[in-house]
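Take a slow walk with me through a protein model. Keep the sequence and the 3D view side by side as you read.

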Amino acid sequence: MRRVSDSYDNILVVRDVRKRFGTLEVLKGISFTLAEGGILAIIGPSGSGKSTLLRGICQLERIDAGQINICGQILVDTDATGRAVYAPPAVQKALQLKLGMVFQNFNLFPHLSILENVSEAPRQVLKRDRKTAQKDALALLQKLGLADKAHAYPFQLSGGQQQRVSIARALALNPAILCFDEPTSALDPELTGEVLNVMRDLAKENMTMLVVTHEMRFAAEVADHVIFMDQGQVIEAGTPDEVFRHTNEARTKQFLRKIADG
């Protein structure tokens, strides 16, 4: 599989990102790159900083220091005093639209139909008319096997169906990078398979994806680069073969052994 490198086609560059919550340092200098069309899986134990890192990239958290470059534009950089300085608000907003976010708990609007959940953001953010937005939303629901649920409401759907709606909603804004924060953690094994199959299909379409996951098999089969994090640091990074089968770090081996033992 293709390695994520420092080549010209990197769509996301993260350099020495740091974040504190009070006295607790959650991210201790995280760096990586993601090439266009690449799939990067971030694994590690709970509390390792994975979700905080993803939220920082997606502007759901402010980082304290470091650099984040999205599609060739700097979202945030560090000044001479070591303080994070963000781009102007207009640039922040534009870069936020480059990222689609899929949350572990779906975050659908309960009072809106499935069709409205998917079409609302294009109408409000991209200023598309209702007819166009709903036509595009129906096409996405069809693609994800949910066309027959267009006029249902979230509470009428299974968890797997709700997560597929969340993916459709993220895709509706045509993001450059699709970000997943533990997308299957709230699902039972059967429903987990539904969501992972959608993600596999997106991978075949060369969708650039950044995936925080505890699904080791998915990371091994689908990702072309894997990062193992622990205690706010990148402990090991490489291809799935390097991380899962030719592990160098004792901490990585310990984590994978514990996961395998269930």
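A word on the ground rules comes before the tour. This is a predicted model, so local features need pLDDT of at least 70 and side-chain atom pairs count only at pLDDT 80 or more, while totals for chains, interfaces and linings use all residues. Residues are numbered from 1 along each chain as its sequence is written, and side-chain values use heavy atoms, with hydrogens and water left out.

Let us begin with empty space. Rolling a probe the size of a water molecule over the atoms shows where such space is left. On a 1 Å grid over the protein atoms alone, a pocket is an open set of points where a 1.4 Å probe fits, with protein on both sides within 12 Å along at least five of seven lines; lining residues have an atom within 4 Å of a point. Grid points are joined across faces, edges and corners, and a volume is the space filled by probe spheres set on the points.

The largest pocket has a volume of about 520 Å³. Its lining is made of 19 residues, and those nearest the centre are Q96, L99, G100, M101 and L173. Which parts of the fold supply this lining? At least two residues each come from α2 (89-96), β7 (99-102), α3 (114-124) and α5 (159-171). Of these, α3 gives the most, with 4 residues.

Now turn to the second largest pocket, which holds about 170 Å³ of space. Among its lining residues are G44, P45, H214 and F255. Helix α9 (residues 250-261) gives the most to this lining, with 5 residues. By class, the second largest pocket is lined by 3 nonpolar, 4 polar and 4 charged residues.

L97, V125 and L126 make a nonpolar surface patch of about 190 Å². Residues in a patch have over 30% relative accessible area and no salt bridge; nonpolar side chains (Val, Leu, Ile, Met, Phe, Trp, Tyr) are joined within 5 Å, and like charges within 9 Å. Accessible areas come from the Shrake-Rupley method with a 1.4 Å probe, and for residues only the protein chains shown count as cover. L126 lies in the loop between α3 and α4 (130-143). With a relative accessible area of 32%, L126 is partly exposed; buried means under 20%, exposed over 50%, and partly exposed in between.

Charged side chains come next. Those of opposite charge can pair when their charged atoms come close. In a salt bridge, a side-chain nitrogen of Lys or Arg is within 4 Å of a carboxyl oxygen of Asp or Glu. The structure holds 12 salt bridges. In one of them R18 pairs with D16, the closest N and O atoms being 3.1 Å apart. Both ends are partly exposed, R18 at 31% relative accessibility and D16 at 38%. Another salt bridge joins the side chains of R200 and E221 (3.3 Å, N to O). This pair links distant parts of the chain, with R200 in helix α6 (residues 189-204) and E221 in helix α7 (residues 216-222), 21 residues apart. Salt bridges that share partners also join D16, R18 and E25 into one network.

G37 and A176 are 139 residues apart in sequence, yet 9.2 Å apart in space, C-alpha to C-alpha.

N107 sits in the loop between β7 and α3, and Q231 in the loop between β10 (225-230) and β11 (233-238). N107 is partly exposed at 42% relative accessibility, whereas Q231 is exposed at 54%.

Note on methods: Nonpolar A, V, L, I, M, F, W, Y, C, P; charged D, E, K, R; others polar. Buried < 20%, exposed > 50% of the residue type's maximum accessible area, 1.4 Å probe, protein only.
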